[in-house]
Amino acid sequence: IADIKLDGVSIPGFTKTTVDLEAFQNGNTKTLGTFNLGGKTYSTITFVLDFDTDASGNLPGCYIVSNSGVKSKLQTTSNVITINNNILIQNGVASSIVADFDLRKMIVHQAGSGSDHFDFVTAAEMPAALRLVFESGSGTISGTLTDNVSASGKVVAYAYKKGTYNRTTEMQAQGASGIEFKNAVSSALVGPGGSYQLHFLQSGDYEIHFASYKDTNADGEYELKGTLIVVGAVGIDFLNLNIAANATLTINATATGVLP
């Protein structure tokens with residue numbers, strides 16, 4: 001990240017920073033800086049990326065490293081990501097703003113015989129991969145998924161704003177980069193023990209959907225099998241979950257089948 005701007009003006013005191021996003025998951029964050037800003041409502045925040053060099057001057061600036069150690073440079077047609085979001089900063093009040101980089105929406109896998117199989121999505125799709133939220137106004141969903149029926153290789157939990165999930169649409173590859181579950185607010189991989197965590201959800205009403213993936217042709221890549229049919233404790237409605245600020249909502253689920 002070479003620069004951060006509010007309403008087109010660089011934030012004083014920010015210095016070029018390299019962030020290892022893999023190290024900051026499940027609610028872990030990296031502080032990009034502490035800044036004294038004038039109290040007002042800002043309408044845009046812009047992140048300027050350096051595709052070519054990192055904060056230490058090494059090549060490249062943005063990249064992904066595969067399990068085999070192959071480094072793939074990430075780039076797209078614009079290095080500027082601008083988010084339209086009213087941000088109220090009050091004089092004399094400390095505020096913590098979290099920028100959630102959703103790599104599932106930000107990085108695309110490319111087929112081919114070469115070693116470089118990854119790149120950023122199109123410049124037009126980049127803003128949808130970055131979500132801003134005041135930490136004090138956000139909550140968390142966490143829980144455990146018990147799945148003894150789907151034989152999934154991986155399961156992903158997707159959080160949607162209540163009423164925004166359309167299964168037919170979301171299971172399809174959307175946009176120029178073919179992103180599935182594109183309109184999910186957040187997502188998390190269900191861990192080996194069934195645990196999952198969805199952090200920094202702006203307070204409000206949500207629904208959760210679990211998707212099943214499996215490497216059906218043994219090529220090392222996981223294909224979408226379908227969505228899990230789940231049940232919870234009495235009174236739990238997976239389509240109507242209220243998230244309160246500074247609170248964690250525990251939602252345990254049991255899979256009873258797979259809807260292809």
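Here is the tour, stop by stop.

**Before you click**

This is a predicted model, in which local features need pLDDT of at least 70 and side-chain atom pairs count only at pLDDT 80 or more, while totals for chains, interfaces and linings use all residues. Residues are numbered from 1 along each chain as its sequence is written, and side-chain values use heavy atoms, with hydrogens and water left out.

**The whole chain**

Show the cartoon to begin: the protein has two helices and 19 strands. Helices (H or I, at least four residues) and strands (E, at least two) are DSSP runs, numbered from the N terminus. With a radius of gyration of 19 Å, close to the 18 Å that the globule rule gives for 260 residues, the protein is as compact as a globular protein of that length. That radius is taken over C-alpha atoms, and the rule is 2.2 Å times the number of residues to the power 0.38. Along the principal axes, the C-alpha atoms fill a box of roughly 55 × 50 × 30 Å.

Of the 260 residues, 37% count as buried; buried means under 20% relative accessible area, exposed over 50% and partly exposed in between, with a 1.4 Å probe and protein chains only. Contacts (heavy atoms within 4.5 Å) tell you about the fold too: among those between residues at least 6 apart in sequence, 71% join residues at least 24 apart.

**Stop 1: a ring pair**

Select Tyr-158 and Phe-181. How far apart are the centres of their rings? The centres are 4.2 Å apart and the planes lie at 10 degrees, so the pair is stacked. Tyr-158 sits in strand β12 (residues 154-161), and Phe-181 is 23 residues away in the loop between α2 (167-170) and β13 (186-189). Both Tyr-158 and Phe-181 are buried. For such pairs, rings of Phe, Tyr and Trp (its six-membered ring) must have centres within 6.5 Å; planes under 30 degrees apart count as stacked, over 60 as edge-to-face and the rest as tilted. By this rule the count comes to six aromatic pairs.

**Stop 2: Thr-29 and its contacts**

Thr-29 is partly exposed, at 46% relative accessibility. Which residues does Thr-29 touch, not counting those up to four places away in sequence? They are Phe-24 and Phe-200.

**Stop 3: across to Asn-148**

From Phe-24, draw a C-alpha to C-alpha distance to Asn-148: 30 Å in space, and 124 residues in sequence. Asn-148 lies in the loop between β11 (138-146) and β12 and is exposed, with a relative accessible area of 72%.

**Stop 4: backbone details**

Select Leu-59 and Pro-60, where the peptide bond is cis, with omega near -15 degrees. Pro-60 is in the loop between β3 and β4 (63-65).

Then pick Ala-218, whose phi is positive, near 55 degrees, in a residue other than glycine. Look for Ala-218 in the loop between β15 (204-214) and β16 (223-231), where it is exposed at 69% relative accessible area.

Finish at Asn-246, which is not a glycine either and has a positive phi of about 60 degrees. Asn-246 is in the loop between β17 (241-243) and β18 (248-250). Is Asn-246 buried or exposed? Its relative accessible area is 63%, so Asn-246 is exposed.
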